[in-house]
Amino acid sequence: MNIALLGYGRMGQTIEQIAIKRGHNIVLKVDKDDIDYDITKADVAIDFSIPNVAFNNISNCLNNNVPVISGTTGWLENYDNAVALCKEKKGAFIYASNYSLGVNIFFELNKTLAKMMSTLKQYNVSMEEIHHTKKLDAPSGTAISLANDIIEFNTNFKAWELDSTKEEATIPIVAKRIEDVPGTHTVNYESEVDTITIEHIAHNRQGFALGAVIAAEWIVGKTGVFTMNDVLNIG
């Protein structure tokens, strides 16, 4: 495939390496200050840009009939607009807060545990996420996805909140920024007698990048709005 990289930071560069190893061509490398670029050169675009340009990148792809994979977080106030545009243009679009294959398995474990714990009101939930110091948003999109899934499957919780909270039925998320940490996510269920913990630790960016390339390979030729569950046939 001919791939456009929308965002050429560390993730974009890692995606480039993996895509080339898998036999693809990188025909565009769009950085945050690049405005005029010909997206029609590409068979598919992979967006790992920054929050304030992500929606413009996605819109440009959909308006030009180029399937787009987005892993940028922090722009989701415009997600419904992207979905509407995709449907209007009969395009193809995937957004995922995390493309790691392991994290998407972790998402399913988190949902299953939330269902199991829903009748055990003695347990309080808390979460922690740790990322590198260059990450712009907090909490991470992955942490938000985990929290929202807990809220969906465990009616004891109604909302999440960054840092500590004393609000009942609210999940506190602690966000830490430590140099060179690719991503760690921890979910704790704690009672007076014990603690149950599930955790995903990324060792590097390779897993995120590989998942994004696999999603790009999968979406070409399709029409619609999809998730990584569709790509991996899970959930």
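## Second largest pocket: contributing helices

Helix H4 (101-117), H5 and helix H7 (228-232) each give at least two residues to the lining of the second largest pocket. H5 supplies the largest share, five residues. Helices here are DSSP runs (H or I, at least four residues), numbered from the N terminus.

This is a predicted model: local features need pLDDT of at least 70, side-chain atom pairs count only at pLDDT 80 or more, and totals for chains, interfaces and linings use all residues. Residues are numbered from 1 along each chain as its sequence is written, and side-chain values use heavy atoms, with hydrogens and water left out.

The volume is about 440 Å³. A pocket is an open set of points on a 1 Å grid over the protein atoms alone, where a 1.4 Å probe fits, with protein on both sides within 12 Å along at least five of seven lines; lining residues have an atom within 4 Å of a point. A volume is the space filled by probe spheres set on the points, which are joined across faces, edges and corners.

Of the 18 lining residues, Tyr95, Ala96, Ser97, Ser145 and Thr227 are closest to the centre. The lining has seven nonpolar, eight polar and three charged residues.

## Largest pocket

The largest pocket has a volume of about 830 Å³. Helix H1 (10-21) and helix H5 (141-153) are the elements that give two or more residues to its lining. The largest share, three residues, comes from H1.

The lining divides into nine nonpolar, 14 polar and seven charged residues. Ala, Val, Leu, Ile, Met, Phe, Trp, Tyr, Cys and Pro count as nonpolar, Asp, Glu, Lys and Arg as charged, and the others, Gly among them, as polar.
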